[in-house]
Amino acid sequence: MKERVLSGMRPTGKLHLGHLHGALENWRDLQEKYNCYFFIADWHALTSEYANPQIIKDSIWDMVIDWLSVGIDPKKSTIFIQSKILEHAELHLILSMITPLPWLERNPTYKEQLQEVTNRDLSTYGFLGYPVLQAADIIIYKANKVPVGVDQLPHLELTREIVRRFNYLYGDVFPEPEAILTQTPKLLGIDGRKMSKSYQNSIYLSDSHREIKEKISQMFTDPQRARKSDPGNPSVCNIYTLQKIYNKEGQVEEIAEKCRVAGIGCVECKNILSQLLVNALTPIQEKRRYYRSHFDEVKDIVWKGIKDAQIIAQSTMEEVRKAIRID
Ligand code: SF4
């Protein structure tokens, strides 16, 4: 029996290079080794987008198409929509009864986001309880592993604490999920801030060739390099980070060396990168076109995923109801 892995993504807009290199490539590898469950976290999206739910509705299918187009394989992975499995909500409710409030209030992401996100009011019950819903999402499938970045480790630790508390109170029902630590390249957006749809600084998987070239040409490089004749420092340049992903090993080194002695200009370096990026995204975009014109196939994949996930979720909830004597 392969171990079970669970991961999800919030449908709050188009997917960009950060999603591809930060999550989806890793999912693609994991599905070769584990029994993977990947879900569209639409209820999670509602915690921040409650005033603008249309964006969630508009993003769900686009997101599934992106997943399929980058190689998430429905023969190897189960793809489903969170809100179609009502048992997530039931387990969330039960877990919220046993989760002490200070565990949630000390969550670093919660504090950070409350301060950082100024364009919407996140001081809601749902937003505070976000990690409890996340715990329910994971343990309802008795997932053994969860892929996380270092910054998400406290969330997973909270899930493990909730599991321990549940098992202590009601008997051993859930395994404690373990982290699969993922290394992700730090991708910056066009403006030098973290690539994020909320900053509108992203290169999207669906961008046209013209848009890709325009965006790359606007990207910040080494801020100290004002003229082509100035030597550059590739280690502080976001274009170089992308070169390392998209260019061949020997050529990456060559660019770095030339950059350091002002042997290559940023315009030329960006032109090389634009072409590499276009080459890399073209097959993904061809698959996007295929799935857009075979939309019934996409819907069938997701409906099958929902049915498969539901069987496990329902069986877990029967155990849970028995354990808490509400059966
Ligand atoms: S030459 Fe390339 S790596 Fe060097 S600063 Fe310019 S864009 Fe960055």
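This is a predicted model: local features need pLDDT of at least 70, side-chain atom pairs count only at pLDDT 80 or more; totals for chains, interfaces and linings use all residues.
Residues are numbered from 1 along each chain as its sequence is written, and side-chain values use heavy atoms, with hydrogens and water left out.

The shell around the ligand consists of Thr221, Asp222, Arg225, Cys237, Ile239, Tyr240, Cys259, Ile264, Cys266 and Cys269. Of these residues, seven are nonpolar, one is polar and two are charged (Ala, Val, Leu, Ile, Met, Phe, Trp, Tyr, Cys and Pro count as nonpolar, Asp, Glu, Lys and Arg as charged, and the others, Gly among them, as polar). Helix 11 (238–246) and helix 13 each contribute at least two residues to this shell, helices being DSSP runs of H or I with at least four residues, numbered from the N terminus.

Helix 13 (residues 266–293) also packs against helix 10 (residues 209–218). The contact (heavy atoms within 4.5 Å) involves, among others, Ile212 and Ile216 of helix 10 and Leu277 and Leu281 of helix 13.

Notes: Axes are lines fitted to C-alpha atoms, for helices over the stretch in contact, and angles run from 0 to 180 degrees between N-to-C directions. A residue is near a molecule or strand if one of its heavy atoms lies within 4 Å of it.
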